Amino acid sequence: MTNRITQLTETTLGKQMLRQNDSLTNEEKRVDHYKDGRPYTIASTVRKKTPLEELNLNWREQDLRERERTKHVHRLHPYLGKYIPQLVEIFLRKYFSTADVVLDPFSGSGTTLVQANELGINSIGYDVSAFNVLLTQVKIASYNIPKLKKEVNDLLLRLESGQGPDLSIQDLKTAAFNDEARKYLKLWFAPQALAELLAFRRLISEYDNQDLLKVILSRAARSARLTTHFDLDFPKKPQTEPYHCYKHARTCSPTSDAYKFIRRYALDTVARVEAFSAVKTKASVQVHHADSRNGKFPEIDGVITSPPYVGLIDYHEQHAYAYHLLGLHDQRDLEIGAAAKGSSIRAKKSYQEEIASVFRHTAENLRPGGRIIVVVGDKANLYPEIAELVGLEQEAILQRHVNRRTGRRSNEFYESVLIWRKQKKGTKNGSRREN
Ligand SMILES: C[S@@+](CC[C@H](N)C(=O)[O-])C[C@H]1O[C@@H](n2cnc3c(N)ncnc32)[C@H](O)[C@@H]1O
């Protein structure tokens, strides 16, 4: 009898596994992690006592839908190189309490700060890229939602009713734009699209929610560039003619106007900000535009971050349209591991030293027993040496497959979650370092 039950259960389980495998995406079918039937971790169920060994961070598409990964302000603007909020949530829940302060010295689009705030944990972020800081500020700000809706609707109405500014590109002649910006904007936008973006830009100063309007403008500008639909991340040259589109499997034409994007993103932004304001807590949250190597960090209880990698992503260039349109201060020379500097042996060496110096600096301000959690795709195996240079105890390393559902790629991509711990007082790493 027991045998029969076991057999039946195994058959049922087998069928379930088959059904599960049927619904895997093509990418998931290539990766063993998704076929072993191990339950994945639901972020909201993680507690301080949840053992690290129990965490399964390999979510299938069906486990963690795009809608969840990009909930509320997490999709206020595209940003290449961010991590998913659920990954951050797991480590916030496991290692932090509500009175704590979490630092992200490479805060990027603000994922750590937004998630920490949702859980009532205080947070502080630093980033050297002006646009990323602007985006984060807009995500974490508190809004008077009815007033915001009124402003955005008023602006849209003025643009669409023809009561707004004249459509021209005369503004390019003003001191708000330098020669490089003029050249870029004329090259990457059709005349009509550029005139519409400039009209929106001119209206911004008449409203209170200026930073939020700047983010809407930037998102519309990104979509209104003369690019193909399948290469919005790093287009190499403007696309001025119709082309075969891999994304839509037909002939597509580059866009000639921007209003449709302005309207779509204006409404979407307001809806997302409103959704976040419903879960936003009173926990303190701040972001600073600064180089983390010299950041004046406060006392912190821990760090959760994903640092830039060596020679991989240009964090300024990916938002070049925003820098030129909004006149933001470009500090690309201060990016650690800057893509423009490549990934030579020399570049890797200085990357290791610079990243280690940031973490040593954060460790000085970390309370004894606190953790630094680093999420990184370390293809070149640079982090064992970085960990040595930082000098904290390495508590654990978790691996996960990055199940990126967008973009065309053929290679699998894995990332590691490194957990470093500062020893409690009286032990080897517990006393404060002098440098
Ligand atoms: C991998 S991204 C972080 C993404 C972030 N976790 C998110 O989810 O949006 C790395 C960030 O480090 C920033 N960065 C590079 N060099 C820096 C430096 N010296 N100081 C501060 N931030 C820096 C880049 O501008 C980029 O935004």
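**View 1. Strands β6 and β7 pair in the parallel sense over five bridges.** Strands are DSSP E runs of at least two residues, helices are H or I runs of at least four residues, and both are numbered from the N terminus. Two strands pair if DSSP finds at least two bridges between them. This is a predicted model, in which local features need pLDDT of at least 70 and side-chain atom pairs count only at pLDDT 80 or more, while totals for chains, interfaces and linings use all residues. Residues are numbered from 1 along each chain as its sequence is written. Five of the six residues of β6 are buried, and the strand is mostly covered. A residue is buried if 20 or more other C-beta atoms lie within 10 Å of its own, exposed if 12 or fewer, and partly exposed in between, with C-beta atoms placed from the backbone.

**View 2. The open sheet has seven strands.** Their order is β5-β2-β1-β6-β7-β9-β8, and the pairing is mixed. β5 and β8 (393-401) are the edge strands, each pairing on one side only. Neighbouring strands are turned by 15° against each other on average, direction ignored. Axes are lines fitted to C-alpha atoms, for helices over the stretch in contact, and angles run from 0 to 180 degrees between N-to-C directions.

**View 3. Strand β1 (residues 101-104) is joined to β2 and to β6.** Val 101 and Leu 103 point one way from β1, Val 102 and Asp 104 point the other way, and all are buried. In a regular strand the side chains alternate between the two faces of the sheet. β1 runs parallel to β2 (residues 122-127), with four bridges, and parallel to β6, with two bridges. Val 102 has Ser 123 as its bridge partner in β2 and stands opposite Gly 302 in β6.

**View 4. β2 and β5 run parallel and are joined by five bridges.** Asp 127 stands opposite His 289 in β5. Helix α6 (residues 130-140) lies across β2 and β5, running at about 165° to β5. Another helix, α13 (residues 345-364), lies across β1, β6 (300-305) and β7 (366-376), running at about 150° to β7.

**View 5. Helix α5 (residues 111-118) is largely enclosed by the rest of the structure, because eight of its eight residues are buried.** The buried residues include Thr 111, Leu 113, Val 114, Ala 116 and Glu 118. Just after α5, Gly 120 takes a positive phi of about 80°.

View 6. Ala, Val, Leu, Ile, Met, Phe, Trp, Tyr, Cys and Pro count as nonpolar, Asp, Glu, Lys and Arg as charged, and the others, Gly among them, as polar.

**View 7. Lys 280 lies in the loop between α11 (259-279) and β5 (285-289).** Lys 280 counts as buried because 21 C-beta neighbours lie inside 10 Å. Not counting residues up to four places away in sequence, Lys 280 touches Asn 117 and Ser 142. Contact means that the C-beta atoms of two residues, placed from the backbone, lie within 7 Å. Lys 280 and Leu 119 are 161 residues apart in sequence, and their C-alpha atoms are 8.5 Å apart in space. Ser 142 is in the loop between α6 and α7 (145-160). With 11 other C-beta atoms within 10 Å, Ser 142 is exposed.

**View 8. Helices α9 (residues 191-204) and α10 (residues 210-224) come within 10 Å, axis to axis.** The axes cross at roughly 175°. α9 and α10 are therefore roughly antiparallel to each other, a term for angles over 145 degrees; those under 35 count as roughly parallel, 65 to 115 as roughly perpendicular and the rest as oblique. Residues making the contact include Leu 197, Phe 200 and Arg 201 of α9 and Leu 213, Lys 214 and Leu 217 of α10. By class, the contact has nine nonpolar, one polar and two charged residues.
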